[in-house]
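Trainee: Please take me through some labels used for this kind of model. I want to see each value set against its rule.

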Amino acid sequence: MKKAISVLVTAALFMSLTACENISRDDDSGTSGLDSISSEGSTGNKSDSLSSVSDSESTDSVPGSTVESSQITQSTDESTSHDKPVVPTDNQGGEMSGSVLVLDDGRAIDLYGGGYERGQNYAETLSKLKQMVGDNVNVFSLVAPTAVSFYLPDDLAYMSGSEWDNIDYLNGYLDGVIPVDAYTALSRHVDEDIYFRTDHHWQPLGAYYAAEEFAKTAQVPFAPLSDYETVTMEGYVGTMYGYSGDNPLVRNNPDKFTYYKPKNEYTVTYYTQSLENPYEAGMFLKTLDNLAVVQWYLVFFGGDGEVAHVHTDVGNGRKLVIVKDSYGNAFAPCLANSFEDIWVVDMRGFEKSIWQLVKDEGLTDVLFCMNSFSATGDNQYKLADKL
């Protein structure tokens, strides 16, 4: 009997991952599909660090930040715990519906397959960029867990791989790159609305708590939620409804969509993925007036199709580029009070060189911000082409 259940679970997991891989981020709904992931889980000894890049790359560094990279690294090493947080979950049931697991309370969850080799490749790619930009530029890695880490019932834990184990594994291969522990930060707030029930993204509140942890690691100021304007929309049903095969349990348990508008002064300039045709839009956030309910996550930058450059009134000399998947869209506005300049580029579509952007714009910080399905899935292979 157990063998039969195991076969069914494996088949369901494969279907879930295959479905995610086939969903385009440019589909008719305008939403960003969950990023594909391999179900491999091989382990092995950690290899030697990457060989150094060419002399021209390693010496062409960018002007330094106001906080030295070595200081940030030392602070991070002292404060980061490698113990997995204990996250209590209930024992409600659930069943596979479409390509996702739907729990009895209507929450839809994507099961995680894991990908140690892909995670190692992700870490080595980031480490190579660190060598290219030099010691005066801080490079950070924030791999965001998804809802499966916090809301999968204990009785169903066998159905999914461990995001914690995969993130911890890839962090071991980072060389000169500073990890940001979003997992622990989010685990402290599991009783709050940090992930959508009906969408594969985190809630803006979850993105805020992850951004707070990044700001702490990067040693930049961070504004409390009281410094933002709060906007709440009722009745949100996102991408998971479609992934679930239009399961009525998902449809009948909609989310509140709450997001936060920065109140400080800033301007936003949008570019094509090749950094051409600039135009000013004035705000991080787009209007929801002409969007269907399933598209509300597009309030952040209008989606993944353009590069955004945000110039704020912070004036602290810290200039950041966020290299992201769609999780980074809700994340970036949380840093409007933390950095003087913020560039937001999508790892899947950016047509230029990250290293060249860092050099040309005098950036002081690079943050890779994406969910675990990207960092340990096929999406991470696109990063090497962006360096």
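Trainee: Why is tyrosine 208 called buried?

Mentor: Its relative accessible area is 5%. Buried means under 20% relative accessible area, exposed means over 50%, and partly exposed lies in between (1.4 Å probe, protein chains only). So tyrosine 208 counts as buried.

Trainee: What kind of model is this, and how are residues counted?

Mentor: This is a predicted model, where local features need pLDDT of at least 70, side-chain atom pairs count only at pLDDT 80 or more, and totals for chains, interfaces and linings use all residues. Residues are numbered from 1 along each chain as its sequence is written, and side-chain values use heavy atoms, with hydrogens and water left out.

Trainee: What makes phenylalanine 222 partly exposed?

Mentor: Its relative accessibility is 21%.

Trainee: Why is the pair of tyrosine 208 and phenylalanine 222 called tilted?

Mentor: The ring centres are 4.9 Å apart and the planes stand at 45°, so the pair is tilted. Tyrosine 208 sits in helix 8 (residues 204–218), while phenylalanine 222 is in the loop between helix 8 and strand 6 (228–236). The two are 14 residues apart. Helices (H or I, at least four residues) and strands (E, at least two) are DSSP runs, numbered from the N terminus.

Trainee: What makes the pair of tyrosine 259 and phenylalanine 300 edge-to-face?

Mentor: The planes are 80° apart, and the centres are separated by 6.3 Å. Tyrosine 259 lies in strand 7 (residues 255–262). Phenylalanine 300 is in the loop between strand 9 (279–280) and strand 10 (307–312). Both residues are buried. They also belong to one aromatic cluster, with Phe196, Tyr236, Phe257, Trp296 and Tyr297.

Trainee: How do you know that aspartate 378 and arginine 118 form a salt bridge?

Mentor: A salt bridge is a side-chain nitrogen of Lys or Arg within 4 Å of a carboxyl oxygen of Asp or Glu. Here the N to O distance is 2.8 Å. The pair therefore qualifies. Aspartate 378 lies in the segment after helix 13 (372–375) and arginine 118 in helix 4 (residues 116–133), so the bridge ties together parts 260 residues apart in sequence. Aspartate 378 is partly exposed at 26%. Arginine 118 is buried at 14%.

Trainee: What is the distance between glutamate 234 and lysine 256 in their salt bridge?

Mentor: Their closest N and O atoms are 4.0 Å apart. Glutamate 234 lies in strand 6 and lysine 256 in strand 7, so this pair joins parts 22 residues apart in sequence.

Trainee: Why is glutamate 234 called exposed, and why is lysine 256 called partly exposed?

Mentor: Glutamate 234 has a relative accessible area of 55%, so it is exposed. Lysine 256 has 47%, so it is partly exposed.

Technical notes. Rings of Phe, Tyr and Trp (its six-membered ring) pair if their centres lie within 6.5 Å; planes under 30 degrees apart count as stacked, over 60 as edge-to-face and the rest as tilted.
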